[in-house]
Amino acid sequence: MRKINTQILEDKIYEMALHAGVNLTPSCIDAMEKAYADESGKACSFALKTIIGNSEIAKEKAMPVCQDTGLSVVILEIGQQVYLEGKALSEAVNNGVRRAYRDGYFRKSVCDPITRVNTADNTPAVIHTEIVAGDKIKITYMPKGFGSENMSRLFMLKPAQGVDGIINAIVETVKLAGSRPCPPVYVGVGIGGSFDTCAYLAKKALTRDIGTRNQRADIAEIEQTALERINALNIGCQGFHGKTTALGVSCEWAATHIAGLPVAVNIQCHCVRCEKEII
């Protein structure tokens, strides 16, 4: 049994949130540079060059890389040999987020869903926990913007719709979104599970490095086919019509009921921010 004081977790969340607010992931930058090199349209080329330049300025000056500094999503994979001591887990996570948004001068965007009153510190964060083997905690922190989040969809497909139905749902979601989620987008997909778990899988898929493929060959083929069909839509960067509408498609899966085929499609804009640490 390994004891971990939640103050350590709080401090780590603080560091990760500060870094994520001003830095795109390396795989995102690589994907956008590749898209820029491949692009022939003047408007799309200009937009991609501007986005890449903006990310460089944000990193250099330690300023938010996007005005939408996001809703904090935290995934904690907690080893079953870990004993947490100190303040409550949720309190530690939210304290870390609160401190980072204050010290980083990040926009506070969290509010009550009914009254719309802002909580003024960007908490509470969305916290997901998984119990895994071992005596460590893997922390994944992602600030999720809502221009893209609002374009996400969940489908309860019929089993007979199969792989074609899954790919159609992914492509249809991006097509209907058009330029609104600030493309080029990153598409996270959850396949299977239940109504709620497939949505979580779609979110978790967005924490993967862009360009990685699922270990299952058939699901990797879904990722590749969906990406090709999305980029054939000719929406392009910021909707200016071009070769790259999506930087990547990542799918995660879970077993489901014989009567169903849930599919969730979670859209992420070009501003992919995600940090991972193990303590």
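This is a predicted model: local features need pLDDT of at least 70, side-chain atom pairs count only at pLDDT 80 or more; totals for chains, interfaces and linings use all residues.
Residues are numbered from 1 along each chain as its sequence is written, and side-chain values use heavy atoms, with hydrogens and water left out.

Ser148 sits in helix H5, residues 146-149 (helices, H or I with at least four residues, and strands, E with at least two, are DSSP runs numbered from the N terminus). The side chain of Ser148 makes a polar contact with the side chain of Lys144, at 3.0 Å. A polar contact here is a pair of N or O atoms within 3.5 Å; within protein, one must be able to donate a hydrogen and the other to accept it, and residues adjacent in sequence count only if both atoms are side-chain atoms. A polar atom of the Ser148 side chain also lies 3.3 Å from the backbone oxygen of Ile267. Setting aside neighbours within four places in sequence, Ser148 is in contact with Pro181, Ile267, Gln268 and Cys269 (contact means heavy atoms within 4.5 Å).

What about the partner, Lys144? Lys144 belongs to strand E5, residues 137-144, and is buried too, with a relative accessible area of 1%. Again leaving out neighbours within four places in sequence, the contacts of Lys144 include Gly70, Leu71, Val73, Glu149 and Lys203. Ile267 and Gln268 are on the list for Lys144, and they also turn up among the contacts of Ser148.

Next come the charged pairs. The structure holds 16 salt bridges, a salt bridge being a side-chain nitrogen of Lys or Arg within 4 Å of a carboxyl oxygen of Asp or Glu. In one of them, the side chains of Arg99 and Glu10 meet at 3.0 Å, N to O. Arg99 lies in helix H4 (residues 89-103) and Glu10 in helix H1 (residues 6-22), so this pair ties together parts that are 89 residues apart in sequence. Glu10 is buried at 5% relative accessible area, whereas Arg99 is partly exposed at 22%. Both belong to a network of salt bridges that links Glu10, Asp11, Lys87 and Arg99.

A second pair is Arg208 and Glu252, whose closest N and O atoms are 3.0 Å apart. This pair links distant parts of the chain, 44 residues apart: Arg208 is in the loop between helix H7 (195-205) and helix H8 (217-231), and Glu252 is in strand E8 (residues 246-254). Arg208 counts as buried, at 16%, while Glu252 is partly exposed, at 21%. Arg216 and Asp218 form another salt bridge, at 2.7 Å from N to O. Here Arg216 is partly exposed at 34% relative accessibility, and Asp218 is partly exposed at 40%.

Now for the cysteines. How many disulfides does the structure hold? The count is zero, with a disulfide taken as a pair of cysteine sulfur atoms within 2.5 Å. The sulfur of Cys28 has its closest cysteine sulfur in Cys271, 7.2 Å away, which is too far for a bond. Cys182 is in no disulfide either, as the nearest cysteine sulfur, that of Cys269, is 6.1 Å away. Cys28 is buried, at 0% relative accessibility, but Cys182 is partly exposed, at 31%.

Most residues other than glycine have a negative phi, and most peptide bonds are trans. Cys182, in the loop between H6 and E7, has a positive phi of about 60° although it is not a glycine. Ala120 also has a positive phi, near 70°; this residue is found in the loop between H4 and E4 and is exposed, at 55% relative accessibility. As for peptide bonds, the one from Thr123 to Pro124 is cis, with omega near 5°, and Pro124 is in the loop between H4 and strand E4 (126-132). The bond from Pro183 to Pro184 is cis too, with omega near 15°, and Pro184 lies in the loop between helix H6 (162-177) and strand E7 (185-192).

Key
Buried means under 20% relative accessible area, exposed over 50%, partly exposed in between (1.4 Å probe, protein chains only).
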